[in-house]
Amino acid sequence: MMYTPGEEIVSIVDEHNQELGELPRRLMREQRLIHRATYILVFNAAGEIFIQKRTRTKDVYPGYWDVAAGGVVQAGETYEQSAKRELQEELGIGPIPLNFLFDQYYEDQKNRVWGRIFSCVHEGPFTLQAEEVEEGRFMHPRTALAFSASETFTPDGIIVLEKILE
């Protein structure tokens, strides 16, 4: 099956995270509509966070580093279902307990999103999805934040990282 993320049907929401309807992801991006996404912070037993480099073909923040696995919530999915699907797709992580951390709204010139942030513990190894993830590694969360001063990271992910470090 051909991987066509632009044709995935996603839920569109308002500023209060109330569902308005469903559209293909491509139109959501073109019209800069508010949508839902999951962010899953993957830690190992040592407390290090798994950061991943997004492929250059991603529709938003291509080639950026990210502190979270995750992605756009598809129409008909809950945040939890989306998080479990994304962990399996991106990192090859099967069923695993997820810890809810918080919800956040983020907006910039490219993206308007209601995110639900989760965490989990997994030591790896990971099976990286070639269409989504170029590479990844574990590092201490404060080291990852320092790394973001010299490398380009997803801005919404850095806000999540700063919040968990507070």
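This is a short talk through the fold, the surface and a few residues of one protein chain.

Okay, first the ground rules. What we have is a predicted model, where local features need pLDDT of at least 70, side-chain atom pairs count only at pLDDT 80 or more, and totals for chains, interfaces and linings use all residues. Residues are numbered from 1 along each chain as its sequence is written, and side-chain values use heavy atoms, with hydrogens and water left out.

So, the overall layout. The protein chain has four helices and nine strands; these are DSSP runs numbered from the N terminus, helices (H or I) of at least four residues and strands (E) of at least two. Going along the sequence, you get β-β-α-β-β-β-β-α-β-β-β-α-α.

How big is the box? Along the principal axes, the C-alpha atoms fill roughly 40 × 35 × 30 Å. The radius of gyration is 15 Å, which agrees with the value near 15 Å for a compact globule of 166 residues. That radius is taken over C-alpha atoms, and the globule rule is 2.2 Å times the number of residues to the power 0.38.

Inside, 52% of the 166 residues count as buried, where buried is under 20% relative accessible area, exposed is over 50%, and partly exposed is in between (1.4 Å probe, protein chains only). For contacts (heavy atoms within 4.5 Å), take residues at least 6 apart in sequence: 63% of those contacts join residues at least 24 apart.

Now the aromatics. A search of the whole structure turns up nine aromatic pairs. Rings of Phe, Tyr and Trp (its six-membered ring) pair if their centres lie within 6.5 Å; planes under 30 degrees apart are stacked, over 60 edge-to-face, and the rest tilted. Trp65 and Phe147 are edge-to-face, 5.7 Å centre to centre with 65° between the planes. Which parts of the chain does that pair link? Trp65 sits in strand E5 (residues 65-66) and Phe147 in helix H3 (residues 141-147), 82 residues apart. Trp65 is buried, with a relative accessible area of 3%. Elsewhere in the list, Phe50, Phe126 and Phe138 form one aromatic cluster.

Last stop, Gly21. You'll find Gly21 in strand E2 (residues 19-24). Is Gly21 buried or partly exposed? Gly21 is partly exposed, at 29% relative accessible area. Setting aside neighbours within four places in sequence, Gly21 is in contact with Val10, Ser11 and Ile12. And from Gly21 to Ile34 is 13 residues in sequence and 11 Å in space, C-alpha to C-alpha.
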